[in-house]
Amino acid sequence: MTYPKLKLDYNKLKDNVATMKQRCLDGGISTLAGVTKVFSADPRMAQAYVEGGVDFLADSRIQNIKKLQDFPVPKILLRIPMLSEVEDVVKYADYSLNSELETLRALNEAAKKQDKTHKVVLMADLGDLREGFFKEEDFYEAVEEVLGLEGLYLAGIGVNLTCYGAVIPKPEILNQLNIYKEEIKARYDHDLEIVSGGNSSSVYLVGKEDLPGINNLRLGEALVLGTESAYAQNIEGLNQDAWTLEAQIIECKEKPSVPTADELGLDAFGHEPSFVDRGIRMRAIIGLGKQDIDTENMIPLDPDVIILGGSSDHIIIDVTDAKKDYKVGDILSFRLSYGGILSLCTSEFVEKEVVK
């Protein structure tokens with residue numbers, strides 16, 4: 001299989017990692033976790049993270065963590081563990097993020113059974129309403145619980161913002177982590193290794209705001225796309241074009257721009273479609289579909305072509321105004337959003353090529 005193909009410029013990704021790592025260090029953030037889930041923890045791509053200088057490799061899926069075992073870098077499981085996977089979490093992940101006492105107790109039993117000490121990071125919900133202890137008393141109860149479990153070590157605390165509730169990280173919000181850190185020291189005489197101040201939505205603060213106590217960020221989008229996710233802005237000095245999707249044209253014909261029937265129903269995904277009547281247009285179909293990527297996550301490199309929509313296995317593109325005379329067999333190229341890279345890397349029907 002040659003197409004569709006997702007191409008990664010290895011050196012651009014590595015450069016993004018190295019640049020971001022240095023900016024974190026300059027901004028007082030001593031460790032960087034590279035999030036590998038966007039490329040399904042492909043070891044060829046994770047190598048760019050390691051060469052770029054990440055301190056941890058982090059992923060949401062234990063299946064992906066297993067792919068990273070050959071790298072001599074600590075592994076972090078980002079998604080709160082399921083009770084059904086605690087044995088594998090202890091076996092393959094050095095750290096895990098946690099927010100449930102029952103799960104912590106199960107991890108403790110698994111760690112004792114494997115004669116290991118598993119490191120945990122307790123998550124605080126600071127308003128985004130995804131994972132984390134929302135009430136302070138619940139947070140400190142968890143701290144005390146972990147400190148009393150012989151199979152676990154309280155390595156750190158952290159927060160996630162923007163991913164669900166779109167709460168923008170602000171210094172006054174993130175400062176709660178420092179309050180927790182200082183209180184843990186005062187109450188339990190315990191020093192934390194990690195105070196993780198979030199993901200790529202926190203990048204806009206690096207070097208601009210004082211973030212007391214925070215010494216770690218967990219970055220995916222900032223590294224792979226060179227953008228921050230709080231305001232969707234490009235990060236100066238980083239590459240935004242490390243990834244390219246190439247897809248082959250399988251049909252190219254002139255057709256009406258509106259379906260030719262009096263009554264229309266629902267499309268393949270149960271939606272009621274709408275169409276703009278532009279008359280007869282040259283329409284190309286590429287061998288790629290919504291099973292692989294949502295069309296909203298693709299940006300044509302040819303500015304004169306328009307993505308019209310698609311079905312499970314076909315994406316339809318208007319090439320009428322293109323300067324190139326497209327025909328069957330030609331290749332169309334696209335830039336991608338973070339979600340686009342994520343879905344393409346997950347699809348087994350898309351070839352992945354790493355270019356060095």
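Predicted model: local features only at pLDDT ≥ 70, side-chain atom pairs only at ≥ 80, totals over all residues.
Let me begin with L129, which sits in the loop between β6 (118–123) and α6.

L129 is not a glycine, yet its phi is positive, at about 65 degrees. With a relative accessible area of 54%, L129 is exposed. L129 also takes part in a nonpolar surface patch of about 400 Å², together with F134 and Y164. The residue therefore counts as exposed because its 54% lies over the cut-off of 50%.

Let me stay with this part of the chain for a moment. R130 and E131 form a salt bridge in which the closest N and O atoms are 2.7 Å apart. How exposed are the two partners? R130 is partly exposed, with a relative accessible area of 41%, whereas E131 counts as buried at 13% relative accessibility.

Helix α6 covers residues 136–147, and E144 is found in that helix. E144 belongs to a negative surface patch, whose other members are E136, E137, D138 and E141.

I now turn to the chain as a whole. The chain has 356 residues, of which 49% count as buried. The secondary structure comes to 9 helices and 16 strands. Along its principal axes, the C-alpha trace spans about 75 × 40 × 40 Å.

Next, the backbone. A second residue with a positive phi, although not a glycine, is S40, with a value near 50 degrees. S40 lies in the loop between β2 (31–35) and α2 (43–52). Is S40 buried or exposed? At 14% relative accessibility, S40 counts as buried, whereas L129 is exposed.

The other backbone feature concerns a peptide bond. The bond from Y3 to P4 is cis, with omega near -5 degrees. In general, most peptide bonds are trans. P4 is placed in the segment before β1, the strand formed by residues 5–9.

That brings me to the salt bridges, of which the count comes to 20. K7 forms a salt bridge with E246, and the closest N and O atoms are 3.5 Å apart. This pair links distant parts of the chain, since K7 is in strand β1 and E246 in strand β10 (residues 243–256), 239 residues apart. K7 is partly exposed, with a relative accessible area of 25%. E246, by contrast, counts as buried at 13% relative accessibility.

A further pair is R281 and D318, whose side chains meet in a salt bridge at 2.8 Å, N to O. Here too, distant parts of the chain are linked: R281 is in strand β11 (residues 280–286) and D318 in strand β14 (residues 315–318), 37 residues apart.

Finally, the cysteines. How many disulfides does the structure hold? The number is 0. C24 is in no disulfide, and the nearest cysteine sulfur, that of C163, is 17 Å away. The relative accessible area of C24 is 0%, so this residue is buried. C345 is likewise in no disulfide; for C345 the nearest cysteine sulfur, again that of C163, is 18 Å away. C345 counts as buried too, at 8% relative accessibility.

To close, I return to the points for discussion. In the backbone, these are the cis bond from Y3 to P4 and the positive phi values of S40 and L129. Among the salt bridges, they are the links from K7 to E246 and from R281 to D318.

How values were computed. Residues numbered from 1 in each chain as written. Heavy atoms only, no water. Disulfide = S-S within 2.5 Å. Buried < 20%, exposed > 50% of the residue type's maximum accessible area, 1.4 Å probe, protein only. Patch = residues over 30% accessible without salt bridge, like charges linked within 9 Å, V, L, I, M, F, W, Y side chains within 5 Å. Areas by Shrake-Rupley, 256 points an atom, 1.4 Å probe, with all protein chains shown as cover. Salt bridge = Lys/Arg side-chain N within 4 Å of Asp/Glu carboxyl O. Lys, Arg positive; Asp, Glu negative; His and termini not counted. Charge placed at Lys NZ, Arg CZ, Asp CG, Glu CD. Helix = DSSP H or I, 4+ residues; strand = E, 2+ residues; numbered from the N terminus.
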